[in-house]
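Please look through the sequence and the model below before reading on.

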Amino acid sequence: MRIDIISVLPELLESPLEHSIMKRARDKGLLEVHTHALRKWAVNKYGQVDDYQFGGGAGMVMMPEPLVSAIEELSATVTYDEVIYLTPDGQQLNQGIANQLSLKKNLLMICGHYKGIDERVREHFVTKEISIGDYVLSGGELAAAVLVDAIGRILPGVLNDETSALFDSFQDDLLAPPVYTRPAEYRGWKVPEVLLSGDPKKVDEWRHDQSLKRTKERRPDLLDED
Ligand code: 6GU
């Protein structure tokens with residue numbers, strides 16, 4: 001998969017996508033991420049990409065010209081399956097959306113800043129708008145990093161057995177069960193007996209029960225969705 005990201009602050013995106021599982025995905029050639037500084041398409045030599053909003057009010061708006069120039073230049077060599085704008089008023093990201101997007105070949109992401117981007121770019125170029133939750137971030141970059149991570153880690157071949165996504169919280173609409181490692185007893189606190197039993201069927205049953213219990217207690221909304 002190839003992901004291109006347009007941003008006024010591409011530096012903000014780089015570090016989170018250069019380590020751990022994202023690094024592995026990129027090193028294996030399964031995920032290609034290209035960041036693009038919007039200022040490259042600025043309207044003047046001062047690097048201007050934003051302006052005051054019509055109608056008045058505090059806060060700048062990202063101008064259409066730099067964004068459209070960037071989108072059109074990138075689209076000349078790559079055919080994007082989706083042009084995604086990261087915005088707090090978008091559809092809230094969940095595992096299902098990440099799963100769907102992980103099946104695409106090329107994605108273009110646009111990070112907003114200030115008051116956001118000119119509405120005409122949303123109307124004419126953006127095909128999907130995504131938020132990562134009901135709170136406001138200072139820009140779309142961290143949200144884009146979250147989205148790339150959520151997509152990148154489930155690309156076929158990225159995770160191995162040890163890091164398998166199959167048992168993640170949300171992958172089956174249930175929260176993950178509790179996990180334990182050595183020592184089997186620490187300060188008198190014991191690991192549940194069943195996990196030491198060596199009986200894989202019993203372990204699976206226990207984990208499923210724990211997942212259900214945890215989901216009922218913490219996220220009952222996940223159980224009555226369908
Ligand atoms: Cl995608 N952008 C910003 N600026 N804030 C957010 C967000 C996105 N998702 C939640 N809060």
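## The ligand and its polar contacts

A polar contact is a pair of N or O atoms within 3.5 Å; within protein, one atom must be able to donate a hydrogen and the other to accept it, and residues adjacent in sequence count only if both atoms are side-chain atoms. In this sense, a polar backbone atom of Ile132 lies 2.9 Å from a nitrogen atom of the ligand, a backbone N or O atom of Leu137 is 3.0 Å from a ligand nitrogen, and an N or O atom in the side chain of Ser131 is 3.4 Å from a nitrogen of the ligand. Taken alone the ligand exposes 290 Å², and the protein buries 96% of that area (accessible areas come from the Shrake-Rupley method with a 1.4 Å probe; for residues, only the protein chains shown count as cover).

The model is predicted: local features need pLDDT of at least 70, side-chain atom pairs count only at pLDDT 80 or more, and totals for chains, interfaces and linings use all residues. Residues are numbered from 1 along each chain as its sequence is written, and side-chain values use heavy atoms, with hydrogens and water left out.

Strands here are DSSP runs (E, at least two residues), as are helices (H or I, at least four), and both are numbered from the N terminus.

## The nonpolar cores

A nonpolar core is a set of buried Ala, Val, Leu, Ile, Met, Phe, Trp, Tyr and Cys residues joined through side-chain atoms within 4.5 Å, where buried means under 20% relative accessible area (1.4 Å probe, protein chains only). The largest core has 31 residues, and Ile5, Leu31, Met109, Leu147 and Val148 have the most contacts inside it. Helix 6 gives the largest share of this core, 7 residues. A second, separate core of 20 residues includes Val68, Tyr80, Tyr85 and Val126.

Leu147 touches Ile84, Leu86, Leu93, Leu101, Met109 and Ile130, not counting residues up to four places away in sequence, where a contact means heavy atoms within 4.5 Å.

## The chain as a whole

The chain holds 8 helices and 9 strands, and 41% of its 226 residues count as buried.

Methods
Buried < 20%, exposed > 50% of the residue type's maximum accessible area, 1.4 Å probe, protein only.
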